[in-house]
Amino acid sequence: MRRLLTAILLVATPLLGQTPAQQARPAEQQKPAPEKPQPAPPPIVTPTEVQKPKEQPLTALPYTPSLDIPSMDRTADPCVDFYQYTCGGWMKNNPIPPDQASWSAYGKLAEENGEFLWGILEQNSSAATNRTPVQQKIGDYFESCMDESRIEALGATPLKPLLDEIAAIKNKRDLARFLAVEHPRDYGSGWLFGFGSDQDFGDATQVIAFAHAGGLGLPDRDYYTKTDAKSREIRHKYLQHVANMLHLIGENKATADKDAKIVMRIETDLAKASLTRVERRDPYKLYHKLTPAQLESLTPAFDWPRYLADNGLATIKTLNVTEPKFFKALDEEIKSLPLSDWKAYLRWHAVHSKAPYLSRNLVVEDFNFFRKTLRGVSELPPRWKRCVRYVDRDLGEALGQEFVRRTFSADTKEKTVDMTRRIEMAMEKEIKALDWMTDVTKQRAIEKLHAVANKVGYPDRWRDYASVNVARSDFFGNATRATVFESNREILKIGKPVDRGEWGMTPPTVNAYYNPQMNDINFPAGVLQPPLYDTKLDDAPNYGNTGSTIGHELTHAFDDEGRQFDGQGNLKDWWTPDDAKKFEERVQCVRDQYAQYTIVDEIKINSKLTSGEDVADLGGTLLAYIAWKDAVASQHLEPADGFSPDQRFFIGFAQWACENERPENLRANAITNPHSPGKYRINGIVANMPEFWKAFNCQEGNPMVRGAKNCKVW
Ligand SMILES: [Zn+2]
């Protein structure tokens, strides 16, 4: 089930496709900024230009140092464009592979982890009798996914029972019975609305049911409402895609075209009734605890008693209806449209959500719209890559056990925990020294800081998949059963104590997150590998890179969204009004700075969407710097490779963000991604840091020196 508060990751999750199931998982260029030079546009790579990297199942992870001199461009001036200086070589040497929307230090490590997981899965996919139960599950799931000839032979037939269920719906009241079965089979919220469980915003010790806005096929409500030419073109292509998919499952062309228009009409109405991403950053806008009777009076056309009873929730007293306006609009839609329209809509969402598990014609049509048209990707990723992703998504803590056992040492864990503690101490020192915050708010901020739980590597207790039946010859069934297992796990939490040991990312994931309701920071084993974290190197680049990531996540506890929750995870205002106002002024400085940067073509950063991340980048880097200084206080540091220790800290910092992006992907990110492009996540930060100016001897007037205009929040 999708988490509501989304701006918690370090990087946006790279997706295989844009099916609702895949969206559900957590979820992290130069010049209109007058003071910044324009970066070279990212190379637009076509398949013929790229030597396909040699892909093979790996038995060991490759090594790239976390401070990588060949990735730099030492002809660039660090005071003019620090990103080009630190990442210029990387950008030149790492064109975007044809099956990727973007390519980055993070993405590359994720690919390497993927090849390593492939090795594990190949090893476990033979039906040997000496496999452990965990190895049997992951090995047989992978085997079923890789069995392409069987999947091809089946074509769209695995979808037939679902299409039959849709055909059998007798009246609109029956939609509730249908959705109570179908929602748990899908991670996303594409079928009319989303439903799951989460901690009560007002009382973080309780898990309650959540009903939230959904019902869309495109990745965001803005795709339906924007009126520029590019958006109109995308909607036109989406309409064609919906018709193509319906045609592929047997509708004649005329019916498929007609049905696509119906789908577009319903989804557009639902999009218009949904909050924007910026609005959803305000948790108060998403907190409406209602009784089931109140929900029923919002959407009387929908049979809520039946839906809740079929989910085993007949006796719940309250639930959070995140967007009441959406559910009111949904009621109008259900009332005003004939059942036949709803059946067309359901057929589309059936084929849309199940396409990845069906034959190649459906996989390719899905890819062509969601990855090629929307993201500019030219080639479908090879089957092994998609199958590794599905095992990671569906049985992630089973596969994760095998990954951790082979890659993550107790020593790495201990060092990371130590670094995290030092960064938390740096934050405490910074909070105490703030000149804009009163003592009473400082005291509460420090209480919250002390309550943050640090989770490093992997969960203390592994999820038990024993009840998931995995069959070697049934990919579609395996994916469905694993999804139902996960959905049921979420629903069964309702009314039970919160499990604070749970993780929202799998161990091999190359990412990190802060969860405001758990008040925890989480760093999976997958992100604590070279070149991001390199135990072979000294502290300077490691604090610059991973230390800044830790500081970034910690700062999320105090960003525009996170600061509204207390140390126990309750939505509760612990700020004096004056301190809150001063905080907002400081965030506004960062918003004004980032609003000047261009993402692609005429599109600027929507800094109302990205400011939580931008503030986390800024605060996190400073905290890592202070913690590093503290950690090496008793050491005499020497220059290395011609760089001073301070310079090595900042180069290590910048090299996490080296990336190339396709213009289509930048355009999609501008709508959906709360993170700024990599270039600005570096240049926008160092331009605010006197510690950087001093390290590189940059002067007032240099593009990387904002001087008196510089922003500082934490
Ligand atoms: Zn973040």
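At roughly what angle do the axes of helix α3 and helix α17 cross?

## Basis of the description

This is a predicted model, in which local features need pLDDT of at least 70 and side-chain atom pairs count only at pLDDT 80 or more, whereas totals for chains, interfaces and linings use all residues. Residues are numbered from 1 along each chain as its sequence is written, and side-chain values use heavy atoms, with hydrogens and water left out.

## Two crossing helices

Helix α3 (residues 105-124) and helix α17 (residues 396-407) have axes that come within 11 Å and cross at roughly 110 degrees. Helices here are DSSP runs of H or I with at least four residues, strands are runs of E with at least two, and both are numbered from the N terminus. The axes are lines fitted to C-alpha atoms, for helices over the stretch in contact, and the angles run from 0 to 180 degrees between N-to-C directions. The angle makes α3 roughly perpendicular to α17, on a scale where under 35 degrees is roughly parallel, over 145 roughly antiparallel, 65 to 115 roughly perpendicular and the rest oblique.

On the α3 side the contact (heavy atoms within 4.5 Å) is made by N113, F116, L117, I120, L121, Q123 and N124, and on the α17 side by L399, E402, F403, R406 and T407.

Two strands count as paired if DSSP finds at least two bridges between them.

Strands β2 and β3 (residues 203-213) run antiparallel and are joined by eight bridges, with a hairpin of two residues leading from β2 to β3. Within this pair, Q199 stands opposite V207 in β3. Strand β2 (residues 193-200) has eight of its eight residues buried, so the rest of the structure largely encloses it; buried means under 20% relative accessible area, exposed over 50%, and partly exposed in between, with a 1.4 Å probe and protein chains only.

Strand β4 is joined to strand β5 (residues 319-321) by two bridges, and these strands also run antiparallel. The bridge partner of L290 in β5 is L319.

## Salt bridges

Across the whole structure, a search finds 52 salt bridges, each defined as a side-chain nitrogen of Lys or Arg within 4 Å of a carboxyl oxygen of Asp or Glu. One of them joins K712 to E430, with the closest N and O atoms 3.2 Å apart. K712 lies in the segment after α27 (690-695) and E430 in helix α18 (residues 410-433), so this pair ties together parts that are 282 residues apart in sequence. K712 is partly exposed at 43% relative accessible area, whereas E430 is buried at 17%.

K493 forms a salt bridge with E490, the closest N and O atoms being 3.3 Å apart; K493 is partly exposed at 21% relative accessibility, and E490 is buried at 9%. Both residues belong to a network of salt bridges that links E397, R463, E486, R489, E490, K493 and E502.

## Buried helical positions

In helix α25 (residues 663-672), eight of the ten residues are buried, so the helix is largely enclosed by the rest of the structure. The buried residues of α25 include L666, R667 and I671. The C-alpha atom of L666 is separated by 28 Å from that of F692, 26 residues apart along the chain.

F692 is found in helix α27 and is buried, with a relative accessible area of 0%. Leaving aside neighbours within four places in sequence, F692 is in contact with P78, F82, F650, V686, C698 and M704. T610, which has its place in helix α23 (residues 607-631), is likewise buried, at 3% relative accessibility. Not counting residues up to four places away in sequence, T610 touches I605, N673, P674, H675 and S676.
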